[in-house]
Amino acid sequence: MAWSKRRLFLTCFGLLSGMITVSYLIFHEDPFIRAIALNTTTLQRPLLVTDPAETCAPQHQIAFLKTHKTGSSTMATMIQRFGLANKLKFAIRPENKIISEYHTFRREMVTGGRKAKAITFNLLCNHVRYDHDQIDGVIPNATHFTIIRDPVAQFESMFNFYDIKKSMRYRGAKGAMELFLKQPKRYCCGRYYGGHQTRNGMTFDLGLDYRQMTSVPIVEAKLDRLERELDFVLINEYFDESLVILKRKLCWSFTDILYVDQGVRPDNKRTPLSDNVVALIRKWNWIDVELYDRFLRRFWREVEEYGEGFEKDLETFRGMQDSLFEKCYTTEIVSSDRNRTFSYQTRPDAAPECDAF
């Protein structure tokens with residue numbers, strides 16, 4: 001039967017769009033996305049270890065809010081792997097893997113324009129500033145979750161990652177962080193690299209603007225709203241425990257939540273903090289402190305509600321993690337001077353499935 005010009009055009013357009021999407025994923029600048037894209041076929045079969053069967057349907061509508069310096073890169077890589085293995089549709093900005101760091105999310109950031117209101121996706125895991133309703137418009141019926149970290153550790157990591165000392169034009173070997181915290185309004189929130197993260201960075205990522213941070217009623221209302229809107233918040237200090245709970249919420253398998261740490265600094269790249277500096281960090285980032293305390297309490301309630309099978313599931317998961325590292329990696333690490341981080345060296349005889357991590 002002869003094809004009409006319109007049908008032929010739509011068919012060709014669809015094929016071309018698919019080729020562009022695959023090419024973007026494979027040749028994306030992020031090596032983790034590229035590695036995952038090249039190895040999604042290996043994830044269609046059991047990986048490395050026995051994985052207990054699930055009886056519910058895995059959740060495919062995912063909105064992960066990638067916060068700064070919280071372990072979110074490790075989480076994002078895991079979610080990217082799941083999305084590619086299940087052929088899900090990513091909400092991405094092709095020209096930049098960061099969708100938005102300074103402005104709250106708007107649907108046109110990923111749909112290509114305000115008129116493209118009918119476009120929807122399955123999955124979001126890139127940096128955005130949180131706006132529940134706007135995200136819900138492009139990823140309907142999604143599970144919304146994020147990860148946070150002890151505010152003292154998060155601030156120290158942020159300060160060193162963005163090299164705030166350089167932006168302060170501080171030339172001493174030590175003392176830059178304490179100076180910043182003693183005169184925070186002089187240095188905070190400027191238009192320099194990382195300046196947007198220098199006060200209550202996690203709550204800022206979750207949608208609170210700087211001009212709102214001085215109003216206690218507005219802050220409390222925002223935190224209350226986050227408790228209603230976020231289906232789950234992982235805690236960095238209890239990462240494995242958080243993943244076990246997330247697995248149940250998403251009806252994913254243990255294999256789906258296996259991970260390899262990304263962007264981790266060696267101990268010699270961390271700044272020792274005095275009690276005085278710790279107190280100053282907590283005072284300056286008081287909203288992040290309250291955010292963390294609220295969701296840490298909620299986390300322990302979730303552990304209690306999980307029931308007596310929690311410890312067994314945690315043990316199973318950690319056993320699978322150990323198996324992954326034994327089969328895929330050596331004890332050697334590879335340093336990255338640019339971000340002052342390290343990664344793990346893949347074993348020469350590693351199974352093909354290891355490439356996806």
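Select Tyr-162: it is buried, with a relative accessible area of 6%. Buried means under 20% relative accessible area, exposed means over 50%, and partly exposed lies in between (1.4 Å probe, protein chains only). This is a predicted model, where local features need pLDDT of at least 70, side-chain atom pairs count only at pLDDT 80 or more, and totals for chains, interfaces and linings use all residues. Residues are numbered from 1 along each chain as its sequence is written, and side-chain values use heavy atoms, with hydrogens and water left out.

**Ring pairs**

Phe-161 and Tyr-162 form an edge-to-face aromatic pair, 5.1 Å centre to centre with 90° between the planes. Rings of Phe, Tyr and Trp (its six-membered ring) pair if their centres lie within 6.5 Å; planes under 30 degrees apart count as stacked, over 60 as edge-to-face and the rest as tilted.

Jump to Phe-299 and Trp-300. They too make an edge-to-face pair, at 4.9 Å and 65°. Phe-299 is buried at 1%, whereas Trp-300 is partly exposed at 40%. The structure holds 15 aromatic pairs. Next, select Phe-239, Phe-254, Tyr-259 and Phe-317: ring pairs link them into a cluster.

**Helix α6**

Now select residues 151-161, helix α6. Helices are DSSP runs (H or I, at least four residues), as are strands (E, at least two), numbered from the N terminus. Eight of the eleven residues of α6 are buried, so the helix is largely enclosed by the rest of the structure. Among the buried ones are Val-152, Phe-155 and Met-158. Show α13 (275-284) and α14 (286-306), which are included in the cover over these buried residues. At the N-terminal end, Asp-150 caps α6: a side-chain oxygen lies 2.9 Å from the backbone nitrogen of Val-152. Just after the helix, Asp-163 takes a positive phi of about 50°.

**His-144**

Move to strand β3 (residues 143-148) and pick His-144. His-144 counts as buried, at 2% relative accessibility. Its side chain makes a polar contact with that of Tyr-130, at 3.0 Å. A polar contact is a pair of N or O atoms within 3.5 Å; within protein, one must be able to donate a hydrogen and the other to accept it, and residues adjacent in sequence count only if both atoms are side-chain atoms.

Note on methods. Contact means heavy atoms within 4.5 Å.
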